[in-house]
Amino acid sequence: MDFKVGVVGAGAMGTALAQMIAENVDEVLLYARRKSVADAINNTRYNDEYYPNIKVRPNIRAVNDFKEFNNVEMIFLCIPSSTVRSITAELNDIISKDCILINTAKGLEVSSYKPMSTIIGEETGRPAVAFSGPNIASEMMKGLFTASTIASKNEKYLNDVKNVLESDKFKVNANNDVIGTEYCGIIKNILAISQGIFEGMNINDNARFAIFSKSYIETKDIIEKLGGMRDTVDDYCGFGDIITASTLTVSRNHTLGTLYGQGIIIDENKSGVLFEGKNTVSIFKNIIEDLNVKSTIVDFVYEVIIENKNPKTSFVKLWDNL
């Protein structure tokens, strides 16, 4: 395909997406924050920090200057939610007015409680495409079977992004429910933490998945109240992503929950590990209270992660309210 695509973020997901996209387009520019990383990728064809044993495709070029994106037709943002506003504002002065922006971050802005598509719209004056699904970066990098959801109100954007992403091994569902798609990725962080807490507490499987069933229904209620569609929760961005994050150890938020379930409190500043879900819990608690929506699972995670209450005490309270 005669297309030039940019990917911001040379981490695990950014590199993996660049690898998959490079199968379909002429050139992919992969932005690395550190020049040393960009130089190493270009010189060795490996991203040693994340994939030391997998060579990146020859049509991927690592860059360290956003000015290189002045003529790309599409940009995937593979960055933490906390940096989306500043980076999109910087990009907006460089990219063309027709460039499509796709967000992969699953979080809310701490200061405004806004999802990433809203922030991108505010900073660039254009709608963003939401990208969400049960995506495991290491599997994507290896070219294994993958499925995701993309969402936008702009049909042309959806068609173009789907064409860039989809292949024999990469299935993409497209919809117009940006709210539902985006908030599924946000709520799943909370559910992943909850299941991690249960695992850390050694709660039996029957109880864990009984609560999971209730949590899934609550997710649909919340999505609908936010203005999204209940059916979106059944798509890759909903059920698929929730299951992946809640049951597999590759999920950072699941790991965070497991540690808290074991009574281990994590200091993110000292550990250097970012858990998107921790900020999400605090913000989301306020959001559902404003909507006058009750969620037993949000309350449970908030008590354990934010208020540092005893997980066993909070679990009994949760179980009594099923």
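The side chains of Glu-23 and Arg-57 form a salt bridge, with N and O 3.8 Å apart; the term denotes a side-chain nitrogen of Lys or Arg within 4 Å of a carboxyl oxygen of Asp or Glu. Glu-23 lies in the loop between helix 1 (12-21) and strand 2, and Arg-57 in the loop between strand 4 (51-55) and strand 5 (60-63), so the pair ties together parts that are 34 residues apart in sequence. Helices (H or I, at least four residues) and strands (E, at least two) are DSSP runs numbered from the N terminus. Both residues are partly exposed, Glu-23 at 48% relative accessibility and Arg-57 at 32%. Here buried means under 20% relative accessible area, exposed over 50%, and partly exposed in between, with a 1.4 Å probe and protein chains only.

The model is predicted: local features need pLDDT of at least 70, side-chain atom pairs count only at pLDDT 80 or more, and totals for chains, interfaces and linings use all residues. Residues are numbered from 1 along each chain as its sequence is written, and side-chain values use heavy atoms, with hydrogens and water left out.

In total, 23 salt bridges were identified. One of them joins Lys-4 to Glu-27, the closest N and O atoms being 3.7 Å apart. Because Lys-4 belongs to strand 1 (residues 4-8) and Glu-27 to strand 2 (residues 27-31), this pair ties together parts 23 residues apart in sequence. Lys-4 is buried, with a relative accessible area of 17%, whereas Glu-27 is partly exposed at 22%. A network of salt bridges links Arg-85, Glu-109, Lys-114, Glu-122 and Glu-123.

A further salt bridge connects Lys-188 and Asp-241, at 3.9 Å from N to O. This pair links distant parts of the chain, with Lys-188 in helix 7 (residues 178-200) and Asp-241 in helix 9 (residues 236-247), 53 residues apart. Both partners are buried, Lys-188 with a relative accessible area of 10% and Asp-241 with 3%.

Helix 9 itself comprises twelve residues and reaches 15 Å from its first C-alpha to its last, close to the 16 Å expected at 1.5 Å a residue; the expected span is 1.5 Å times one less than the number of residues. The buried residues of helix 9 include Cys-237, Gly-238, Gly-240, Asp-241, Ile-242, Thr-244, Ala-245 and Ser-246. The buried residues of this helix pack against strand 8 (129-132), strand 9 (146-151), helix 7, helix 8 (205-226) and helix 10, where contact means heavy atoms within 4.5 Å.

Helix 10 (residues 252-261) contains Arg-252 and Asn-253.

Asn-253 is buried at 7% relative accessibility. A polar contact of 3.1 Å joins the side chains of Asn-253 and Asn-189; such a contact is a pair of N or O atoms within 3.5 Å, of which, within protein, one must be able to donate a hydrogen and the other to accept it, and residues adjacent in sequence count only if both atoms are side-chain atoms.
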